[in-house]
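Please read them alongside the sequence and the coordinates.

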Amino acid sequence: MPLLGDEYAGAVRWPRLWQDVAIVAWPSFLVAAVATMICFAFIDPLLVGHDDFPPPAFATRMSGYAIGFFFFWLISALSSLLTLYLARTARPETPEKETQGDWTRSVP
Amino acid sequence: MSSPEAIPDGELYAARQKIYPREIEGRFQRLRNLAVWVLLGIYYGLPWIRWDDRQAVLFDLPARKFHIFGLTLWPQDFYFLTWLLIIAALSLFFFTALAGRVFCGYACPQTVWTESFIWIERWFEGNRSQQMKLAKAPWSAEKVLRKGGKQVAWVLFALWTGYTFVGYFTPIAELGAKILQFSTGPWETFWVLFYGGATYVNAGFMREQVCKYMCPYARFQSAMFDRDTLIVTYDETRGEPRGARKKNVDPKSKGLGDCVDCTMCVQVCPTGIDIRKGLQYECIACAACIDACDEVMEKVGYPKGLIRYDTQHGLEGKAKRIVRPRTLVYATLLAVLVAGFGVTLANRSVVDVDVIRDRNALFRERPDGRIENVYNVKILNKDREAHDFRITASGLPGVEVDYAGPTVRVEPGAVQGVPVRIRVPRAEIKGGADLVIAIEAADLPGLGASGQARFIAPTD
């Protein structure tokens, strides 16, 4: 019977940079999607800046939705990035432990 | 390649190595395959269904209308969407408490698309050992063909996925025609590529890493778990101590448990964990290891279920409880929300009115001694038939309404602005007062709506 040999990749981790990009980009993407839905349920992009001095902000509704979405994504990504930075650069309260897998045994 | 145990201290972050899940057959795998076919079938098929000469499900963003079969939702109906999201979240809690991560294993888009991408991969590159052999082999014409073919199929499948996604927001048949003529709008092109690209990267490359690093649900689901939650679990008392043995040898005489340590459960795992180490947050409860272990147990003639769906209480030999405070609370909340949603949706008013004051003049004094205010009354007909509306005003003594009547026709799904003059005798009002402007369908009494407006008069 083959034992776990070289070919077993196992639960290995991503490089830190990939993790950082993922945990900044993904949650902010989710939040931006929700924010876009809520925002444009109440605001018609065609009426933003309409018949006032700044000319209409968006040429079409679709461009309004898309630009709005990326605006929200950018803003929430900045927030995620700051949070990540603060969390990563904080002095640990207890010596860092290997936590991977510990969760398993702590299920009630 | 190295296992995580081999990573020296201080270097916690090894480069990710590709996991080659072994193909597996069994009852749970059949169930998962069925789920993939059904869910992807719905996703790819739904935009092509017609209803009343239009696409049955169309989230028409440019027109700000959502069509869902016979139902048309307007931005004013936004709270239904919020409501639906709350129901979805609560359902997730409920099913998690009841049956663990069934969503992850069977229904999550990440799982479903990864599964279909793995099928394509197997179609071109063969089974697990053939794939690993191919990866190690030097580049040859065959390798280029196999790897290239897989990539082409992946890209085409991903593009079709992106096209279908945009097809939910803009009529899919017209979109298809535009794509064939290379005349799609910039945003349509962008979203097809964006969603297609996301599918390709997520299902082709990131796969289980999404569950491990990016999924919030994977982390907080433990809060919904208790000792009666169904989990995929290895029966440690029965299996240990594990070890290889010869056929027809009584394991007890050798001091062995039922686990023959064949590592099939590890090889089939799409997230590359060893379920025998206990429940881990990487486990998406796909039950591939159950199928694998059952097959092996059958071969060696041991009872099935060394790895199985069970609860902590079940493992400890205690009674299983499905009905418990946690599930009761979730179920009650869910029932109330779903019932409320249905009732509200059924009773939703299909007309709406919005009253806007004329901006040009506050008021006008008429020669007959009455004060006149002008409004723009916007009537919104969300129904699928045209209606003729009467406009009335109330709330002030002697109030009179003047508009191009007696009724105003509003086409289905249209907004009609009606200039309305409202006159009140001068003696009856000073300064300003609120009044109510109401609409009612002349052809369907009882169908109506009302809105408040401010009536302004001289202060002296």
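1. Basis. This is a predicted model, in which local features need pLDDT of at least 70 and side-chain atom pairs count only at pLDDT 80 or more, while totals for chains, interfaces and linings use all residues. Residues are numbered from 1 along each chain as its sequence is written, and chains are lettered from A and ligands numbered from 1 in the order in which they are written.

2. Confidence in chain A. The mean pLDDT (the predictor's confidence in each residue, from 0 to 100) of chain A is 75, and 66% of its residues score at least 70. Helices (H or I, at least four residues) and strands (E, at least two) are DSSP runs, numbered from the N terminus.

3. A contact requires C-beta atoms, placed from the backbone, to lie within 7 Å. Where pLDDT is low, the predicted coordinates should not be read in detail.

4. Helix pair in chain A. H1 (residues 16-42) and H2 (residues 61-89) of chain A pack at about 140°, with axes 7 Å apart. Axes are lines fitted to C-alpha atoms, for helices over the stretch in contact, and angles run from 0 to 180 degrees between N-to-C directions. That angle makes H1(A) oblique to H2(A); under 35 degrees counts as roughly parallel, over 145 as roughly antiparallel, 65 to 115 as roughly perpendicular and the rest as oblique. The contact of H1(A) with H2(A) has 17 nonpolar, 5 polar and 1 charged residues (nonpolar: Ala, Val, Leu, Ile, Met, Phe, Trp, Tyr, Cys and Pro; charged: Asp, Glu, Lys and Arg; polar: the others, Gly among them).

5. Helix pair in chain B. H1 (residues 27-45) and H4 (residues 109-125) of chain B pack at about 105°, with axes 10 Å apart. H1(B) is therefore roughly perpendicular to H4(B). B:Arg32, B:Val36, B:Leu39 and B:Leu40 in H1(B) meet B:Val112, B:Glu115 and B:Ser116 in H4(B).

6. Sheet in chain B. Four strands form an open sheet in the order S13-S11-S15-S16 (chain B), with antiparallel pairing (strands pair if DSSP finds at least two bridges between them). S13 (408-410) and S16 (448-456) of chain B are the edge strands. S11 (residues 387-394) of chain B is joined to S13(B) by 3 bridges, and B:Phe389 stands opposite B:Val408 in S13(B).

Terms used:
Two residues are in contact if their C-beta atoms, placed from the backbone, lie within 7 Å.
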